[in-house]
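Open the model in your viewer and keep the sequence panel beside it. Follow the stops below in order.

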Amino acid sequence: MVTVAVLALQGAFLEHEKVLSRLGADFFEIRNSEDLKRPFDALIIPGGESTVMGKLLRELDILEDLRRRVADGLPVFGTCAGMIVLAKDVEGGVPSLATMDITVRRNAYGRQLGSFYATESFADRGEIPMTFIRAPYIEKVGGGVKILSRVDGNIVAARQGHMLATSFHPEITSDTTVHEYFLEMVASRN
């Protein structure tokens, strides 16, 4: 069985944990550098405030360790702010991990009032519900990045090798498709 570490500095980490629990996955929270000593096979970076996450990753001395692990192949899944944390380029913000070759526009859909729902196809899994909350989207992808989903022409899900990113919040719907996809990614690397 794989163990997933969930970055629990702020944001929607509990919602991801509930989905992992429903899927029978083993997980624990990363709250400080001491937690990085525990063995884990994958990482989830939840939605929240990307600027705050980046600041806390630096202050808690977690950033460089996670960057190295992801660069070395640790499977990672970032949702909304987590996608921003993974991005090499961030319009309207500062890169944090900067491991995924994507350019992201922060708050691309506007403020809280710009939140919305959509149903679109994801990867080869058919249509799924998508919840967007002050969501970014991917403006540009680099080589080796596979686009998994678009909404209104905008890229809202992508994968680069062992890295998965979504603009939307799959953890707050009852659909587990995206988390299952991620766990399959993790299992295929072990």
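**Stop 1: a phenylalanine pair**

Select Phe77 and Phe182: both are buried (under 20% relative accessible area, with exposed over 50% and partly exposed in between; 1.4 Å probe, protein chains only). Phe77 lies in strand E4 (residues 76-79) and Phe182 in helix H5 (residues 177-189), so the pair ties together parts 105 residues apart in sequence. Helices (H or I, at least four residues) and strands (E, at least two) are DSSP runs, numbered from the N terminus.

This is a predicted model: local features need pLDDT of at least 70, side-chain atom pairs count only at pLDDT 80 or more, and totals for chains, interfaces and linings use all residues. Residues are numbered from 1 along each chain as its sequence is written, and side-chain values use heavy atoms, leaving out hydrogens and water.

**Stop 2: a stacked pair**

Go to Phe116 and Phe132. Their ring centres are 4.5 Å apart and their planes at 5 degrees, so the pair is stacked (Phe, Tyr and Trp rings, the six-membered one for Trp, pair with centres within 6.5 Å; planes under 30 degrees apart are stacked, over 60 edge-to-face, the rest tilted). Phe116 sits in strand E7 (residues 116-121), Phe132 in strand E8 (residues 127-132).

**Stop 3: helix H2**

Select residues 50-59. Ser50, Met53, Gly54 and Leu57 are buried. Thr51, Lys55 and Glu59 are exposed, on the face turned away from the buried side. Just after H2, Asp61 takes a positive phi of about 60 degrees.
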